[in-house]
Amino acid sequence: MIDPCAACTYASPTFSADGRLAFLARDKGRVTVVLADGAGERQVAVIDGIAQTLRFSPDGKRLAMLATYGAAKEAGATQAGIRQVGEIGEKSDEQRIVVVDLATGAVRPLSPAERYVYEYDWAPDGRTLVATTAIGNGDNNWWVATLDAVDAATGAVRPIAKPKTQINMPRVSPDGRTVAYIGGLMSDFGSVGGDVWTVPLAGGEPANLTAGAKTTVTSLHWPSSGLLAARLTGDAAEVATVAADGKMRVRWSLPASFVAGDGRVAVSADGRTIATSVQDFATAPALWAGPISRPKRITRDNDEAPANVVARSVTWKNEGFDVQGWLLAPLDAGNAAKAPLVTIVHGGPSAASTPSYVTRESGPGALLAGGYWVFLPNPRGSYGQGEAFTAANRRDFGGGDLRDILAGIDAVEKIAPIDDARLGLTGGSYGGFMSMWANTQTNRFKAIVAGAGLSNWISYYGTNGIDQWMLPFFGASMYDDPAAYARVSAITSIKQARTPTFIYVGERDIEVPPTQSIEYWHALKDLGVSTSLVIYPDEGHGIRDPKNAADVRQRSVAWFDRYLR
C-alpha cells in the first residue's frame, strides 16, 4: 500500500510501459504528482489548484494531466458554482494540458490559456496530443467542443474535426494515423454514450463506424489488437471488439455495471487482458480481471455486504419502441398484499438507470426499507438501444418518454403486486423535470418528489450556466423558437397540477438554478396544491454533503409515507 499523505485524497493512478506508477495527491487546494518506482515514492510536481487525468507519454519520460491553476470551483457543470456577485461572466476557470518533464522536473502548461481541454490522448510518437477542446467557459461549451491536435513541443493547436455530435474519449490508433471517439446526442459531460466515429489525425470528415447499431458505446480503447468498446445493450454491460467495418463482436457480457478509471474497463496494451470493477443491485463492487472473454472475480473485500434488494429486468413495447427498465423489490416482499410503487426517472435525458449496489443509505435503499417497490425505467431518450432511441425525445421532452414510463408501470403491474392507487414519482435533474411535468399531464401519481427540476424552459434558458446543452435537443435557441420551449414547460400547464410535491435543490446549482424550483413551488402554493421546498446551502447539481443527502432521503420517504400509505 502506498499512502504518502495522511490528509490527502488520491486520484488518477496511471502506469508507464515499464511498470512505474504515478498518481495525484490532493490536499487543501494543492495537487501533488507522485511517482512510485523501485526506489520508493517521490514528488515530481505541484499544482496550486486542481488536476485530473494523469498519463505517461509513450516513451515514459513525461507526464501529462489536465490542470486548473487557482481554480474557483471544482471542474464540471454539476459541481457547486461560484456565487454570482460582482461583475459576472467575465472570467472562467481554464483547464489546460500541463506536462511534467521527469528528467528535469520542469512543469509546463502546454495548451493555450483561453482553450478549455476536456479530454486528451497521446499519439504514439509522443509529438502530439489529441484533445476535445472549446474556447471560453468550460462548463457551458462542451456541447460544441471540437477535436483538435496539440503540438507536444509548442502547444500549438490544429483543428482535426468539428463533429456534429457531442464527443467523448478521443483515442489515437497504434499507427498514429487515425482518431476514434464516441459521438452521439449527450446531455452531460461524463454521461458517455453514442456510436464509434473515426477521422484521420491529419483532419477530415468523421465517419460513423457503428451507425444503426442497437447498442450504446460507453467507453473506447485502442490497444495494438484493434478498437475495443464497452457498451450498454438493454440490461447488459458488454465488452466488444470493433472491426474496421464497424461490426462489433461481444466478448463479455453481464447484467451489471463496469467502471475503471475514466472509462468502463482498463485494457492491456495488447488488448488481451481487461480489468474492471463490477457491481449489480444486490452485489457490492468487486474487481474482475483476466482474458477479455473470461475475466474472473479477483477480490472478496465486499463479500459480507448483504443483498438488500431483489432485482429483475423488465421489458415492454410502446409505440414501436422496445423499452427496458429495472424493478426492485424489498427482500421481505414475499406474497404480501399489494404494495406502493415509486418510479425513479434518471437524469440526462441521455443516460440510463443501470445496476448499482443498493445500500440502505441510498435513495432506492431507503424506499425499499420503507416497504416500497422501486421502478427504474429507461424510456426513449435513454442509452442502451442505439442512437435512434436516444434521439427519439429530441423536441419531445415529456412526450413519448412519459408515455413509455406509464406503459412500463402497466407492464410492472402485470408481474408484481403493485397497488395502482399508490404510485409515487421522483427523479433529479431531467428526472426532476419529468416529475414536475408529469404533475401537469396525469393524475396517476399520488405523491411526487422533484430534485433540481426544470419548471420553465423559457426562464431556465436565460438563468442557467449551460445553455449550450439545449441546442442539440431543441434545434434552436429559446430566442429563436420560444414556442418549442414553452410547450414542454410545466409552468405552461401548471393549472392542471394536482399531486402533492416535495421539491429540493442545491443553492449553488448552475446546471438547474434553484429559481426553477422556487418558480414551481410558488405556483403550487398559489394553486393550493400541497408542497414543500428545501434549498440546501452550498450544494451544486446533486446533494453531496452526507448530512444533506440523509435529510433528502428522510424527507422523501416521509413525503411518500404521508400520501401513499
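Visitor: In which strand is Thr14 found?

Guide: The model before us is a predicted one. In it, Thr14 is found in strand β1.

Visitor: What makes Thr14 count as buried?

Guide: A residue is called buried when its relative accessible area is under 20%. Thr14 has a relative accessibility of 11%, so Thr14 counts as buried.

Visitor: Which residues is Thr14 in contact with, leaving aside its neighbours within four places in sequence?

Guide: Contact requires heavy atoms within 4.5 Å. On that basis Thr14 is in contact with Arg20, Leu21, Ala22, Leu54, Arg55, Phe56 and Leu63.

Visitor: What is to be noted about phi of Ser12?

Guide: Most residues other than glycine have a negative phi. Ser12 is not a glycine, yet its phi is positive, about 55°. Ser12 lies in strand β1, which spans residues 9–15. Arg395 also has a positive phi, near 60°, and is a residue other than glycine. Arg395 lies in the loop between α3 (387–390) and α4 (400–415).

Visitor: Why is Arg395 called partly exposed?

Guide: The term applies between the limits for buried, under 20%, and exposed, over 50%. Arg395 has a relative accessibility of 41%, and therefore counts as partly exposed.

Visitor: Which residues does a cis peptide bond join?

Guide: The cis bond joins Gly348 and Pro349, with omega about 20°. Most peptide bonds are trans. Pro349 has its place in the loop between β27 (339–345) and α2 (363–369).

Visitor: Why is the pair of Trp142 and Phe189 called edge-to-face?

Guide: A search of the whole structure finds 31 aromatic pairs. Trp142 and Phe189 form one with 5.6 Å centre to centre and 70° between the planes.

Visitor: What makes the pair of Tyr430 and Phe433 a tilted one?

Guide: Their rings are 5.2 Å apart, centre to centre, with 50° between the planes. Tyr430 is buried at 4% relative accessibility, and Phe433 is buried at 0%. Both also belong to one aromatic cluster, whose members include Phe397, Trp437, Trp457 and Tyr485.

Visitor: How do you know that α5 is mostly covered?

Guide: Of its 9 residues, 9 are buried. Among them are Gly431, Met434, Ser435 and Ala438.

Visitor: Is Asn456 buried or exposed?

Guide: Asn456 has a relative accessible area of 12%; the limit for buried is under 20%, so Asn456 is buried. Asn456 is found in the loop between β30 (447–451) and α6 (457–463). Not counting residues up to four places away in sequence, Asn456 touches Ser489, Ile491, Gln516 and Glu519. From Glu94, Asn456 is 362 residues apart in sequence and 31 Å apart in space, C-alpha to C-alpha.

Visitor: How do you know that the radius of gyration of the protein chain agrees with that of a compact globule?

Guide: For 565 residues, a compact globule would have a radius of gyration near 24 Å; the protein chain has 24 Å, and therefore the two agree. The C-alpha atoms fill a box of roughly 70 × 55 × 50 Å along the principal axes. The protein chain has 10 helices and 32 strands, and 55% of its residues count as buried.

Visitor: How many Å apart are the mean positions of the positive and negative charges?

Guide: The mean positions of the 54 positive and 58 negative charges of the protein chain are 4 Å apart.

Notes: Residues are numbered from 1 along each chain as its sequence is written. This is a predicted model: local features need pLDDT of at least 70, side-chain atom pairs count only at pLDDT 80 or more; totals for chains, interfaces and linings use all residues. Side-chain values use heavy atoms; hydrogens and water are left out. Helices (H or I, at least four residues) and strands (E, at least two) are DSSP runs, numbered from the N terminus. The radius of gyration is taken over C-alpha atoms; the globule rule is 2.2 Å times the number of residues to the power 0.38. Buried means under 20% relative accessible area, exposed over 50%, partly exposed in between (1.4 Å probe, protein chains only). Lys and Arg count as positive and Asp and Glu as negative; His and the chain ends are not counted. The place of a charge is taken as NZ of Lys, CZ of Arg, CG of Asp or CD of Glu. Rings of Phe, Tyr and Trp (its six-membered ring) pair if their centres lie within 6.5 Å; planes under 30 degrees apart count as stacked, over 60 as edge-to-face and the rest as tilted.
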